[in-house]
Amino acid sequence: MRIEYVEAVLAIVELVPAASAMAYGDVAELLGAGGPRQVGAVMSHYGSGVPWWRILKASGHAPAGHEAEALRHYLAEGTPLLGAYLEYQRTREGRWRVDLQAARWAPAEDELDVIDTVAEQLERRLHGLSVADDGMSV
């Protein structure tokens with residue numbers, strides 16, 4: 001995975017405010033590059049230093065294997081949840097998920113400007129790396 005893409009994904013994730021969430025595909029759409037699987041791979045390998053729990057599957061389910069830790073974050077931040085999350089917190093039994101319809105982050109105009117800048121930088125860096133430096137390319 002190209003480090004330029006990793007850095008761009010993590011920059012978007014850092015913008016998502018507490019009590020909000022986005023699907024992996026939402027992040028890819030904002031960047032105009034990659035898809036849910038690529039964003040998921042970035043989060044799996046490089047996401048520990050950012051609020052990883054705010055980026056989810058489109059179903060609203062927390063990242064597999066991290067449900068208990070994610071739930072603690074969601075409850076502390078007041079993220080809208082659905083299902084038996086209190087039962088899960090007590091017993092590790094019960095199905096729950098983030099109410100992505102209610103929690104989905106809708107960036108404000110100034111945030112969209114930052115996102116556009118990140119996406120444009122990604123495009124320039126990726127394009128710049130893929131152009132031959134042979135003096136014959138236009």
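These legends describe an overall view and close-up views of one predicted model. In this predicted model, local features need pLDDT of at least 70 and side-chain atom pairs count only at pLDDT 80 or more, while totals for chains, interfaces and linings use all residues. Residues are numbered from 1 along each chain as its sequence is written, and side-chain values use heavy atoms, with hydrogens and water left out.

**View 1. The whole chain.** The chain holds 7 helices and 4 strands, taken as DSSP runs (helices H or I, at least four residues; strands E, at least two) numbered from the N terminus. Their order from the N terminus is α-β-α-α-β-α-β-α-β-α-α. The C-alpha trace spans about 65 × 30 × 20 Å along its principal axes. Of the 138 residues, 39% are buried, that is, under 20% relative accessible area with a 1.4 Å probe and protein chains only.

View 2. Helix H2 covers residues 24–31. Its buried residues are Tyr24, Asp26, Val27, Ala28 and Leu31. An α-helix has 3.6 residues a turn, so residues three or four places apart point the same way. Glycine 32 follows H2 and has a positive phi, near 70°.

**View 3. A negative surface patch.** Glu109, Asp110, Asp113, Asp116 and Glu120 form this patch.

**View 4. Aspartate 113.** Aspartate 113 lies in helix H7 (residues 109–130). Its relative accessibility is 48%, so aspartate 113 counts as partly exposed, the class between buried and exposed (over 50%).

Definitions and conventions. Patches are made of residues with over 30% relative accessible area and no salt bridge: like charges are joined within 9 Å, nonpolar side chains (Val, Leu, Ile, Met, Phe, Trp, Tyr) within 5 Å. Accessible areas come from the Shrake-Rupley method with a 1.4 Å probe; for residues, only the protein chains shown count as cover. A salt bridge is a side-chain nitrogen of Lys or Arg within 4 Å of a carboxyl oxygen of Asp or Glu. Lys and Arg count as positive and Asp and Glu as negative; His and the chain ends are not counted. The place of a charge is taken as NZ of Lys, CZ of Arg, CG of Asp or CD of Glu.
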